[in-house]
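Please look over the structure below.

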Amino acid sequence: MASFSSRVSALLLVMSLVVSFSMAVSAGNFYQDIDITWGDGRANILNNGDLLTLSLDNTSGCGFQSKNQFLYGQFDMQIKLVPGNSAGTVTTYYLSSEGSTHDEIDMEFLGNLSGDPYILHTNVYSQGKGNREQQFYLWFDPTADFHTYSILWNPQSIIFSVDGIPIREFKNAESIGVPYPKYQPMRVYSSLWNADDWATRGGLVKTDWTQAPFIASYRNFSANACIWYNGASSCSSNSGGKSWLSQQLDYSTQGQMKWVQNNFMIYNYCTDTKRFPQGVPQECNMS
Ligand SMILES: *[C@@H]1O[C@H](CO)[C@@H](O)[C@H](O)[C@H]1NC(C)=O
Ligand SMILES: *[C@@H]1O[C@H](CO)[C@@H](O)[C@H](O)[C@H]1NC(C)=O
Ligand SMILES: *[C@@H]1O[C@H](CO)[C@@H](O)[C@H](O)[C@H]1NC(C)=O
């Protein structure tokens with residue numbers, strides 16, 4: 001059993017590590033960065049922390065979360081999605097705070113029959129309210145190789161990107177009364193689970209359990225972020241080198257986003273006037 005004083009010095013060590021790494025681009029070691037939180041051995045860290053796999057079978061899926069909480073950051077993950085017949089499965093990569101009025105920034109990958117396109121489903125919750133879905137097909141086969149999925153979250157905007165190409169921007173619209181995620185620290189979460197009641201063609205195509213286990217792979221997680229620790233942000237004490245904290249889309253990246261939205265967006269709540277007969281949500285009129 002550790003003595004009290006050795007526990008105190010361990011705590012001090014942890015605190016000094018937190019301080020010294022507070023600005024770190026954690027260059028991806030899953031042992032250091034994440035905790036496997038559920039799934040009874042179905043999530044595994046391999047290759048000295050470089051690779052992580054999630055597995056789903058007819059009994060359970062699994063998932064993990066970041067050890068740290070963050071308030072703003074650029075979060076990149078390379079993911080290779082479940083290959084073959086992945087219909088009914090959902091692979092998630094998202095940020096979330098805790099509690100009933102939580103904030104959340106979602107990327108969910110809805111599987112499909114072999115050769116049919118995955119859907120990348122995105123959403124933003126602020127203070128417990130979501131209903132801001134946008135969905136996309138991808139311009140490549142996301143099961144053939146790893147691709148980088150990124151969430152940039154700063155005081156001005158939330159920008160979702162795929163291989164560095166922005167696909168969606170959710171701007172801070174507080175000035176017109178729309179709550180923006182900025183008070184609640186969030187963790188990074190990821191999971192693989194069965195959602196065949198809704199995921200593929202609205203639930204028409206069920207999971208084919210003869211194909212199990214379904215496996216998604218992860219590598220090269222990077223959180224270039226403000227770590228939230230003990231009620232304070234690591235960014236408040238150190239202002240250098242954080243271009244992502246003020247980063248916004250420029251003319252060229254706006255053009256890329258437009259290209260994606262024109263060619264690959266398949267659902268946008270902002271144009272769903274049937275769903276919002278009284279008028280689409282206010283932030284939709286921002287840009
Ligand atoms: C789950 O899959 C295993 C292995 O294929 C099989 O033996 C078992 O019967 C299945 N269980 C259920 C509840 O379908
Ligand atoms: C699956 O493929 C069908 C047919 O191409 C398509 O309508 C659907 O959007 C695809 N994705 C999902 C997740 O259902
Ligand atoms: C890992 O991610 C970093 C930063 O996101 C990137 O610069 C690097 O090229 C990536 N490594 C691989 C092997 O893709």
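## Disulfides

A disulfide here is a pair of cysteine sulfur atoms within 2.5 Å. The model is predicted. By that rule there are two disulfides. Counted along the chain, the bonded cysteines pair as 1-2, 3-4.

Cys270 and Cys284 make one of these links, with sulfur atoms 2.0 Å apart. The torsion about their S-S bond is about -80°, so this disulfide is left-handed. Both cysteines lie in the segment after β16 (265–268), so the link ties together parts that are 14 residues apart in sequence. Cys284 has a relative accessible area of 15%. Buried means under 20%, so Cys284 counts as buried.

Cys226 and Cys235 form a disulfide too, and their sulfur atoms sit 1.9 Å apart. The link of Cys226 and Cys235 is left-handed, at -95° about the S-S bond. Cys226 is buried, with a relative accessible area of 2%. Cys235 is buried as well, at 10%.

## Nonpolar cores

Which residues have the most contacts inside the largest nonpolar core? They are Phe75, Tyr93, Phe109, Tyr149, Trp153, Ile158 and Tyr218. This core has 63 residues. Strand β14 (residues 214–229) gives the most to it, with eight residues. A second, separate core has five residues, among them Leu110, Ile119, Ala195 and Ala199.

Trp153 deserves a look. Leaving aside residues up to four places away in sequence, Trp153 touches a set that includes Phe70, Leu71, Tyr72, Gly73 and Phe75. Its contacts also include Leu95, Ile105, Ile158, Tyr180, Pro181, Gln184 and Met186.

Strand β10 spans residues 147–153, and seven of its seven residues are buried. How do its side chains point? His147, Tyr149, Ile151 and Trp153 point one way from β10. Thr148, Ser150 and Leu152 point the other way. All are buried.

Strand β5 (residues 69–80) pairs with β10 in the antiparallel sense, over seven bridges. Asp76 stands opposite Ser150 in β10. β10 also pairs with strand β11 (residues 157–162), again antiparallel, over five bridges. Here Ile151 stands opposite Phe160 in β11. A hairpin of three residues joins β10 to β11.

Methods: Residues are numbered from 1 along each chain as its sequence is written. Chains are lettered from A and ligands numbered from 1 in the order in which they are written. This is a predicted model: local features need pLDDT of at least 70, side-chain atom pairs count only at pLDDT 80 or more; totals for chains, interfaces and linings use all residues. Side-chain values use heavy atoms; hydrogens and water are left out. A nonpolar core is a set of buried Ala, Val, Leu, Ile, Met, Phe, Trp, Tyr and Cys residues joined through side-chain atoms within 4.5 Å. Buried means under 20% relative accessible area, exposed over 50%, partly exposed in between (1.4 Å probe, protein chains only). Helices (H or I, at least four residues) and strands (E, at least two) are DSSP runs, numbered from the N terminus. Contact means heavy atoms within 4.5 Å. Two strands pair if DSSP finds at least two bridges between them.
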